[in-house]
Amino acid sequence: MRIAMVAEHASPLAAPGEDDAGGQNVHVAGLSAALVRSGHDVTVYTRRDDPEAPASVDAPAGYRVVPVPAGPARRLPKAEIVPYLGEFGSWLRDRWTEEPPDVAHAHFWTSGVATVLAAREAGVPTVQTFHTLGVVKRRNLGDGDTSPPDRMRLERMVGKQAGRIVAGCSDEVFELARQGVPRQRISVVPCGVDLDRFGTGGPVASRTAPKRLVSVGRLVPRKGFDLAIAALPRVPDTELVIAGGPPSEALSRHPEAQRLRRLAERLGVADRVQLAGQVSRAEMPALLRSADAVLCTPWYESFGIVPLEAMACGVPVVAAAVGGLADTVVDGITGRLVPPRDPARLSARLRALLDEPAELEAMGTAGLERVRARYSWDRIAAETVRVYEKAMPMEESGWAAAVQ
């Protein structure tokens with residue numbers, strides 16, 4: 001199958017953790033690599049943000065990355081890309097008219113706008129993954145939401161026009177249905193995890209306290225790192241490592257890093273909070289393995305790949321019961337779910353858990369078994385291919401051939 005993966009701002013070649021690079025980049029890279037391993041031809045289309053970028057890059061995992069000339073060849077925040085989506089879609093339309101893929105899979109609503117425009121004229125079946133929905137973001141951020149005003153309207157358009165929708169969690173299905181997307185066109189396929197990279201064997205990062213908590217993500221307020229810091233005064237003999245953001249040498253100039261440091265100083269835990277900055281994918285497993293538990297306390301989260309990576313390393317997860325985290329973490333089995341934005345409940349749950357080494361070990365083992373059984377990228381790729389086949393005309397799909 002020839003698969004066009006459209007990820008206008010989520011290049012699989014980008015380093016996660018800084019600016020707009022995060023879980024979407026990891027998702028696109030992991031899914032594309034797994035699809036190639038299963039025999040498919042994958043091309044990832046992302047917006048060109050470097051004037052020196054070549055016309056095509058062959059990734060080591062076997063897929064191609066094609067930078068699409070749309071707008072200025074420099075990095076732009078997601079909110080500033082919308083004016084160039086027509087140009088992006090027109091380029092894809094011309095490309096696909098000459099060399100049509102069997103299916104186009106768009107990631108994020110902006111990619112969806114461009115893909116729907118291009119695919120409609122080129123006659124290409126489409127699949128859409130939103131990753132995050134504008135209505136959920138607006139509900140949680142309120143006036144702090146920097147999304148373009150037309151986001152929710154355009155998301156609804158994409159949801160209704162895409163051939164199939166891939167939702168990352170059960171909560172997203174309900175949100176999409178409320179927007180008028182027919183339930184029968186939605187399939188739940190979660191994110192995956194690289195089990196070759198993340199596992200229980202290998203180096204373990206050193207630590208300076210008897211117990212350690214690790215949180216990972218982009219340094220933005222909605223990731224809830226301040227909640228983890230606020231819980232720390234009631235969790236003695238424990239250090240907190242926050243990984244994400246720019247390289248460590250640039251953290252002193254980062255607004256969110258400055259805010260978190262001021263909070264830690266005000267609460268008297270600055271000596272137990274370490275902002276590690278950007279941590280490479282190669283170094284991340286050792287950091288996760290050094291933790292007694294991994295904390296995920298965002299305001300909202302459509303799926304969240306960090307819990308999977310922690311569970312693959314045999315580390316229990318304490319997570320806010322929001323979005324996809326409520327699907328991934330089995331409360332009392334692979335970790336603990338806590339109410340969102342409640343540092344008092346969080347600290348109480350952490351104290352109880354960290355005082356029970358046997359329970360921590362049992363949860364780590366259960367998490368590892370769950371990830372291996374459910375969340376390998378190869379399994380996620382196979383489930384995604386089944387969605388692709390449902391989006392394709394019956395006579396072209398593998399499913400149709402199989403039942404003839």
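How many nonpolar, polar and charged residues are in the lining of the second largest pocket? The first legend takes up this question; the model shown in every view is predicted.

View 1. Two elements, α1 (23-37) and α14, each give two or more residues to the lining. Helix α1 supplies six residues, the largest share. Sorted by class, the lining holds 16 nonpolar, three polar and seven charged residues.

**View 2. Helix α14, residues 377-391.** The helix has 15 residues, and the distance from its first C-alpha to its last is 21 Å, close to the 21 Å expected at 1.5 Å a residue. Its buried residues are W377, I380, A381, E383, T384, V385, V387, Y388 and A391. Helix α14 is also one of the elements that give two or more residues to the lining of the second largest pocket.

**View 3. An open sheet of eight strands.** The strand order is β3-β4-β2-β1-β5-β6-β7-β8, with mixed pairing. At the edges are β3 (57-58) and β8 (186-188), each of which pairs on one side only. Within the sheet, β6 (residues 126-129) and β7 (residues 164-167) are paired in the parallel sense over three bridges. T129 is positioned opposite V166 of β7.

**View 4. F108, a residue with positive phi.** Most residues other than glycine have a negative phi. F108 is not a glycine, yet its phi is positive, about 85 degrees. The residue sits in the loop that links β5 (103-107) to α3 (109-122). With a relative accessible area of 5%, F108 counts as buried because this value is under the 20% cut-off.

**View 5. R341, another residue with positive phi.** R341 is likewise not a glycine and has a phi of about 55 degrees. Its loop lies between β14 (335-338) and α12 (343-354). R341 has a relative accessible area of 42% and is therefore partly exposed, as the limits for this class are 20% and 50%.

**View 6. Residues 207-367, a span annotated in UniProt.** An unreviewed UniProt entry places the feature "domain: Glycosyl transferase family" at these residues. In the predicted model, the end C-alpha atoms of the span are 23 Å apart.

Key. Residues numbered from 1 in each chain as written. Predicted model: local features only at pLDDT ≥ 70, side-chain atom pairs only at ≥ 80, totals over all residues. Heavy atoms only, no water. UniProt positions renumbered as here; feature names shortened; annotations may be inferred. Helix = DSSP H or I, 4+ residues; strand = E, 2+ residues; numbered from the N terminus. Buried < 20%, exposed > 50% of the residue type's maximum accessible area, 1.4 Å probe, protein only. Expected span 1.5 Å × (residues − 1). Nonpolar A, V, L, I, M, F, W, Y, C, P; charged D, E, K, R; others polar. Pairing = 2+ DSSP bridges.
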